[in-house]
Structures are given as structure tokens and as C-alpha cells.
Amino acid sequence: MKPRAYITRRLPQAAMDIVIAACDTTFWDNDAAPVPRDVLLRAVADVDGVLALLTDRIDAGLLDAAPRLKVVANMAVGYDNVDLPALTARGVLLTNTPGVLTETTADLVWALILATSRRIVEGHRLIAAGGWTTWSPMFMVGQDVHGATLGIVGAGRIGTAVARRAVGFGMPILYHNRHPSANLEAQIGAIPGASIRYAPTLEELLVAADVVVVMVPLTPETRGMFGAREFALMKPTSVFVNASRGPVVRERELIEALKRGRPWAAGLDVFEVEPIGADHPLLALPNVVAVPHIGSATVATRTGMATMAATNLVAVLTGQPPPNPVNQV
Ligand code: GLV
């Protein structure tokens, strides 16, 4: 008897094939829309493993509906969609997809840094609206990226990849983690021309940085970490970039801060409640660049993440240790 698996979205075929080869597999046959909750709860009733996405809430209610469940393979590095203590309490393993998306997500962070600092989207919109009439000295002026101080809040794998790229722009780097990281400082410090320094407090980083990049995971400690007080500490010329999770930022307070011009602009890949609609107040602000949670969205990386999640799922269901466990059961 093969183990039974449920996949909550139609994934790239290479990933589907890994699961199908090892498991009796059912899946939500749609590559765009998430599986409705009631369909999901029925689908997991007799499965041993679920391959889930960050749009699926994996909580005690789902565990109640899935008494045979042994593993949830999340196709994301973040797992704030999962109630981890509830899984661990019931002996259900969680796996994630670290590493594979690091460089791709760092690229997207840089796209946001450059687009916000140099007003790329605003300029495109202006031309499209027929607003480009002449060249003038202070028309569409932005902020310099080269030589600016980069402040990274949450310098893990992705934050480190963002920092590496900053050296090419001649940017001194400040980072704030709970603890200084000798490994990070050695890695970046080894690059000729690099300068990296630990900021023991968030406040110190916010006051000094010209570009603030947030890459912390969403946890009870980081929820709402950025609000009116933090934005008021930033320079009126600073750019704020969030490619971690939306609820790390108190969005209403960010909107008010952006209206006052401190931070000067924001580049956002994530939002408090996703997806956001065309009427979202952030989109009415000229100094916002918003993209729809696409940090890891390249063909190669999303295919790699799907394959990795499938490999983790199948490992557990065939009695092997998974390559990327999050918990121990
Ligand atoms: C995407 O946001 C991820 O956590 O992989």
C-alpha cells in the first residue's frame, strides 16, 4: 500500500511527478486559486502527508480533520501559516524550503531598493499618463543608492545575500539581529571594499540607515515591529523595503508615515492581508512600489521550491529523514 498524499495546488509537473511516483496522490487541480477550506478539510481526511502553500492555514482544525497525518511539507521558507506547536504536539513533522530561494529573493529586494530610490514605477506611470513634457534639473529626482548606508533588520540567509550585493554599490552595511553574527561579519568582511557593523538596537539602525530592508520571519516577537515610532526615527530621505511578511509592519501607521514623507518611499512585496486590491490606500501613494509577494517568483526557483517540498514529503512518507525538517517529533 502506497502512502496517501494531498497537494493543495497544481505544481510544476516535475514536483507532481515526485509525489505521484511514491504516493497515492490527490490534489487541488488549479494552479492559481487556493483550495477552499472546506474542500481542504475533506481532502485530508485519510492522507498521510500534505504538500501545502503559504496560502493554506495549517492549524489545529486541519489536524483534527486529518487523523493519519504524519507530515506537512510547506512550499515556502516561512511557515507562519502553520501552527507549529500544534503539529509538534501531535507528532506531525513540518518541512520547509530554505536556501533554494535565497538569491532570487535578494534580487527582488534589490529591485525594490532601486525602484523606490530612483522612482522607476512613478516615472513609468508619468510617461504613460502623458506627463513628460521636458527635461528639467530637479525633475523626478530620487535618492542615491551607491554609497548609501544599508540597514538590514534580520540578516539571515536572505539578508546576507542582500548585503553581499550592496558591496558592489559601495554601501556600508549595518545589521540588526538579536545577536551579532561572527559568521555574517566574516562572510561580508572578506569581500574587498566591504564594511559591516552590528547595530545592537533597532533604533540605532533606523537612525543611521538610508535604506532599511526587513527580512525577519513573522513570529509573536516581530509582529507589528515597525510602526509610527520606528518610522519617525528614520531619515526623511530613507527608503523602507519589506520582503518578509506583511504583519511585521503596522500598515496603517506606514501609510501615515509615508504621507508625511518619513520614510521617503517604501518598496513592498508583502502586505498585512494578502492579496490587496486596487483600492488599497498604499497604492494611492506616489512613493510606494508594491509587488504581489513575488520574492521567490522565478521559473527556476519556484520549480526548485516545489521539487524540494515534494522531496521532503516523499522522504517522510517512505521512512527517510527529510532534507529540510523544521521540527523534531
Ligand atoms: C515566501 O514568502 C516564502 O516564505 O518562501
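View 1. The centres of domain 1 and domain 2, taken over C-alpha atoms, are separated by 32 Å. Please keep in mind that this is a predicted model. Domain 1 is built from two stretches, 4-98 and 299-317, while domain 2 covers 102-290.

**View 2. Where the domains touch.** Here we turn to the contact, to which domain 1 brings 6 residues and domain 2 brings 4 residues. About 460 Å² is buried between domain 1 and domain 2, with carbon and sulfur atoms giving 49% of that area. On the domain 1 side, look for Asp 80, Pro 98 and Thr 301: these residues lose the most area to domain 2, and together they make up 70% of what that side buries.

**View 3. A salt bridge across the interface.** Asp 80 and Arg 245 join their side chains in a salt bridge, with 2.7 Å from N to O. The interface of domain 1 and domain 2 has 1 salt bridge, and 2 residue pairs are in polar contact between these domains. The side of domain 1 that touches domain 2 consists of 3 nonpolar, 2 polar and 1 charged residues.

View 4. Searching the whole structure turns up 1 cavity of 30 Å³ or more. The largest cavity has a volume of about 40 Å³. By type, the lining divides into 6 nonpolar, 2 polar and 2 charged residues.

Conventions: Residues are numbered from 1 along each chain as its sequence is written. This is a predicted model: local features need pLDDT of at least 70, side-chain atom pairs count only at pLDDT 80 or more; totals for chains, interfaces and linings use all residues. Side-chain values use heavy atoms; hydrogens and water are left out. Domain bounds come from an automatic or database domain assignment. Contact means heavy atoms within 4.5 Å. Buried area is the accessible area (1.4 Å probe) that two parts lose on being put together, summed over both. A salt bridge is a side-chain nitrogen of Lys or Arg within 4 Å of a carboxyl oxygen of Asp or Glu. A polar contact is a pair of N or O atoms within 3.5 Å; within protein, one must be able to donate a hydrogen and the other to accept it, and residues adjacent in sequence count only if both atoms are side-chain atoms. Ala, Val, Leu, Ile, Met, Phe, Trp, Tyr, Cys and Pro count as nonpolar, Asp, Glu, Lys and Arg as charged, and the others, Gly among them, as polar. On a 1 Å grid over the protein atoms alone, a cavity is a set of points where a 1.4 Å probe fits but cannot get out, and a pocket is an open set with protein on both sides within 12 Å along at least five of seven lines; lining residues have an atom within 4 Å of a point. Grid points are joined across faces, edges and corners, and a volume is the space filled by probe spheres set on the points.
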